Structure formats: C-alpha cells, structure tokens
Amino acid sequence: GLTLLLNKTKEIRVVGGYTSGEEGLREITRVKPDVALIDLGLPVVSVGIEVIQKLAREIPELKIIVFTIQEDKKYLFQPSEQGHQDISSRTLPLRK
C-alpha cells in the first residue's frame with residue numbers, strides 16, 4: 001500500500017521495508033536514507049520508540065517520520081523528545 005503510493009512519486013525512492021524493529025534498525029543504519037518512516041507499533045509501541053531513539057543517536061541527520069494507529073497521546077508524543085520530525089495517526093492531524 002504505502003510503498004506503492006510512495007513509488008509513484010518521482011521525488012521519492014523507497015529503499016526498503018522491514019517487518020521488525022531489529023531488521024529496520026540494522027538496514028536503515030546500513031543504507032543511511034534521507035528519511036525513515038517508522039511505525040510506532042513495530043511490533044509493539046516500546047520497540048518502535050526504541051528504534052527511533054537508536055536511529056536519532058546513530059544517524060543524527062536522518063529525518064524520522066512516525067506513523068501509527070495508536071490513539072493514546074502518551075504514545076503519540078513521546079517520540080518527539082527522541083528526534084523524530086513528524087508524527088501521524090489515522091485519527092489525528094499531521095503535527096510538526
């Protein structure tokens with residue numbers, strides 16, 4: 001879904017899609033993309049937050065955009081202290 005949509009945009013090239021926080025962290029660190037889209041619930045909220053924290057430390061120039069189906073604001077806004085650039089929920093407007 002999202003990969004197909006992004007690949008239709010000329011300015012964006014998707015370089016990977018990962019099914020676990022460990023795999024995503026390893027590959028994002030290796031590939032060093034300009035932007036990373038992180039699902040906050042990979043596979044649980046704490047894993048997504050941990051990945052965001054580690055990426056912000058290891059690749060400070062990386063722009064991190066968080067998306068999630070989480071509606072609990074304690075989860076939605078916690079990553080902002082850890083270096084992500086934006087967060088989007090299915091039910092809340094995009095926030096910068």
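Glu-27 counts as buried, with a relative accessibility of 15% (buried means under 20% relative accessible area, exposed over 50%, and partly exposed in between, with a 1.4 Å probe and protein chains only). The model is predicted, so that local features need pLDDT of at least 70 and side-chain atom pairs count only at pLDDT 80 or more, while totals for chains, interfaces and linings use all residues. Residues are numbered from 1 along each chain as its sequence is written, and side-chain values use heavy atoms, with hydrogens and water left out.

**View 1. Glu-27 and Arg-26 form a salt bridge.** The closest N and O atoms of this pair are 3.6 Å apart, a salt bridge being a side-chain nitrogen of Lys or Arg within 4 Å of a carboxyl oxygen of Asp or Glu. Arg-26 is partly exposed, at 46% relative accessibility.

**View 2. Arg-30 joins Glu-27 in a salt bridge.** Here the N to O distance is 2.6 Å, and the two residues stand three apart in helix H2 (residues 21–31), which separates them by about one helical turn; helices are DSSP runs of H or I with at least four residues, numbered from the N terminus. Arg-30 is exposed, with a relative accessible area of 58%. Together, Arg-26, Glu-27 and Arg-30 are linked in a network of salt bridges.

**View 3. Lys-54 and Glu-50 meet through their side chains in a salt bridge.** The N to O distance is 3.0 Å, and both residues belong to helix H3 (residues 45–58), where they are four residues apart, about one turn of the helix. Lys-54 is partly exposed at 27% relative accessible area, and Glu-50 is likewise partly exposed, at 39% relative accessibility.
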